[in-house]
Number of protein chains: 2
Amino acid sequence: WARAVRGLLLDVSGVLYDSGSDGGVPIAGSVEAVRRIKASGLKLQFCTNETQATREGFVKKLQAMGFDISVAEVTAPAPAACRILKERSLRPHLLVHNDLVPEFAEIDKTNPNCVVIGDAAENFTYANLNEAFRVLIGMEKPVLISLGKGRYYKETDGLKLDVGAYMKALEYACDAQAEVVGKPAKMFFESALAEMGVPPQQAIMIGDDIVNDVGGAQQCGMRALQVRTGKYRPCDENHPHVKPDAYVNNLAEAVDIILQQL
Amino acid sequence: WARAVRGLLLDVSGVLYDSGSDGGVPIAGSVEAVRRIKASGLKLQFCTNETQATREGFVKKLQAMGFDISVAEVTAPAPAACRILKERSLRPHLLVHNDLVPEFAEIDKTNPNCVVIGDAAENFTYANLNEAFRVLIGMEKPVLISLGKGRYYKETDGLKLDVGAYMKALEYACDAQAEVVGKPAKMFFESALAEMGVPPQQAIMIGDDIVNDVGGAQQCGMRALQVRTGKYRPCDENHPHVKPDAYVNNLAEAVDIILQQL
C-alpha cells in the first residue's frame, strides 16, 4: 500500500495532537514525522474538519506545539462553506464556535435564508438550538449546511458530541437533509488534492476516523490508513463497511513505512 | 365512527389546554366536556406524553384550571418507563426535566446501565448531553430509553425542539436505536386501555397529533379523532400515511357527537 506515493493528506486532531480544553498535546513522534515528510519532497496537505477556530488560530496553536504548518497547507470546512454561500447567494444564520465567526466576515448574514452549523461546543445551548430550528422551520424548504458530520471526538477531559449529532437533531425536527461540507464529502477531499496537485491514486490519507477519514478518502480513489491514536477504538477494526488499506500505530510509524518505499 | 363506544382516551396538551411558560390556558368547552364524559358512564383515561412534570404536578395544574382529573386516570411515559426499568433491572442515568425526577425516586440509579431521556428543556445543555453520551458509549450495547419522540412543540413564546430531536442526536452519536416509551408505542396505548378495562375496538382516542395520537391509536385497533386545536395544522389533513376516523373542531364537539350515539 505504500508504493507510488506523491502526496499525503493528514487529518490533524487525533493524528498530530490530542485536543483538549487546555489546547491539547502533540502525539509522540508527530512533530518530527511532519518534518520528515516535508524533507522527503512528498506533497503534504492538512485536511481537517476543525471548526472551533479560524485556520489562522488553528495553525498558530499547532506552530506553538512545534509543527511546521502554514495556513495555505490547511483544507478546512469553513472556507469551503463560504465558497458555497457566495455561489448560491445564501445568507447564513450561524450556529458555530465563537472563534470560527471571523471566517464568515465577508458573508452577508442579514435576513438569513439558511443555517450553517459547525462544532459550536459551548454554543450548543438549548436556546441556540431552538433559534436555529425556528430559522429552518420558517423556510419553505429548509437549507441546512453542516461543517462535517462527525459523531463525537475525544478531548483530554473526555468524549464530546460532534456537529453530526446536532445536525441530526435539526434534520429530524425539520424533516430535512443537511448538506455536509468537510470530510467525508468527496468535493472536500478533491479540493485538498487539487491544492497538492496530486491525483487520488498517488495520495494517501492518514486519519483516526474510520468513516470520515478512511471511508471518505477511499470513496475518492485514495488509499487510506487508520492510526491507532486519537478517537481510534479497537472495534473500528471490525467496521461493517470500511476497511483501511492498513493500520499503523501512529503517524510516525506510517511515515517510516512510506519513506522506506520512496 | 361514534357507535359502540365504551371508553375514551384523551390526549391532554392541545386537547384540554394550550401549554405555555405561564402554565397554559384551557381550550374553550374542554372543562365541561370532561365532566359530561364522566357523567355519561363512559370510561375515561388521559393519555399524555408530558414529561416536564410528575403526574401529581401535572394533575394539580389541570385541576387548578377546573378539570375533573386524578393521578390514577393519567397514563404518562415516566411511570411506564419505571415499569420497564424494574422488569429489566436497568439503572438509569436520567436526562430529564428537574420536575420529572421524583417519578424515578424508587429506581436504583447507581452505576447506570442505560440512559432515559425526556423533554429536559433547559436541562438540554451541552454538558448534560455529553454526559448522557459518555454513559451510552461506555456500554457494550447502548440502551437508550426515550420518553416520546416528538419533533417539536409550540409554547406561548415560540416553537421548541422536543425530546425526539435530542434522541436522534444520541442515536446517531452512539450508532444505536432508542426504545420509545409513550405515544405512538403500541404497549403504551395498551396499558392505557388496560387501565380502563376496555378493548381497543370499543375505545376512541382523541388527540391533536396526527402521527403520535391518531396513527398510534389506529395501529392498536382503536378509532381515532383529530381535533383542530393545539398543534393541529391544516396540512395534517393531507398526511401521506395517517387518516383519522373523523376530524372535530375541538373536544367539546367530539363529546357532543359521541354522547348522542349512546
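Q: What rotation superposes chain B on chain A?
A: In this predicted model, the superposition leaves an RMSD of 0.5 Å and involves a shift of 0.4 Å along the rotation axis. The two copies are thus related as by a two-fold rotation axis. The rotation that brings chain B onto chain A is 176 degrees.

Q: What percentage of the contact residues of chain B recur in chain A?
A: The contact draws 29 residues from chain A and 27 residues from chain B. The same surface serves both copies. The share of chain B contact residues that recur in chain A is 100%.

Q: How many residue pairs are in polar contact between chain B and chain A?
A: The area buried between the two chains is about 2700 Å², with carbon and sulfur atoms giving 63% of that area. Salt bridges between chain B and chain A number zero. Counting pairs with both residues at pLDDT 80 or more, the residue pairs in polar contact number eight.

Q: Which element gives the most to the side of chain B that touches chain A?
A: Four elements of chain B each supply at least two residues of this side: α4 (126-137), β9 (152-155), β10 (158-161) and α5 (163-174). By type, the residues of this side comprise 16 nonpolar, seven charged and four polar. With eight residues, the element that gives the most is α5(B).

Q: Is G24(A) buried or exposed?
A: G24(A) lies in the loop between β2 (17-18) and β3 (25-26) of chain A. Leaving aside residues up to four places away in sequence, G24(A) touches Y17(A), D18(A), S19(A) and M65(A). Its relative accessible area is 16%, below the 20% cut-off, so G24(A) is buried.

Q: How far apart in space are G24(A) and E155(A), C-alpha to C-alpha?
A: In sequence, G24(A) and E155(A) are separated by 131 residues. In space, their C-alpha to C-alpha distance is 7.9 Å.

Q: Why is helix α7 of chain A largely enclosed by the rest of the structure?
A: The buried residues of α7(A) are I210(A), N212(A), D213(A), V214(A), G215(A), G216(A) and A217(A). These buried residues pack against α6 (186-196), β12 (203-207) and β13 (223-227) of chain A. Helix α7(A), residues 210-219, is largely enclosed because its buried residues number seven of the 10.

Q: Which residue caps the N-terminal end of α7(A)?
A: Just after α7(A), G221(A) adopts a positive phi of about 90 degrees. At the N-terminal end, a side-chain oxygen lies 2.9 Å from the backbone nitrogen of V211(A). The capping residue that supplies this oxygen is D209(A).

Definitions and conventions: Residues numbered from 1 in each chain as written. Chains lettered and ligands numbered in written order. Predicted model: local features only at pLDDT ≥ 70, side-chain atom pairs only at ≥ 80, totals over all residues. Heavy atoms only, no water. Buried < 20%, exposed > 50% of the residue type's maximum accessible area, 1.4 Å probe, protein only. Contact = heavy atoms within 4.5 Å. Buried area = accessible area lost by both parts, 1.4 Å probe. Salt bridge = Lys/Arg side-chain N within 4 Å of Asp/Glu carboxyl O. Polar contact = N/O pair within 3.5 Å; in protein donor to acceptor, adjacent residues only side chain to side chain. Nonpolar A, V, L, I, M, F, W, Y, C, P; charged D, E, K, R; others polar. Least-squares fit on C-alpha atoms with pLDDT ≥ 70 in both.
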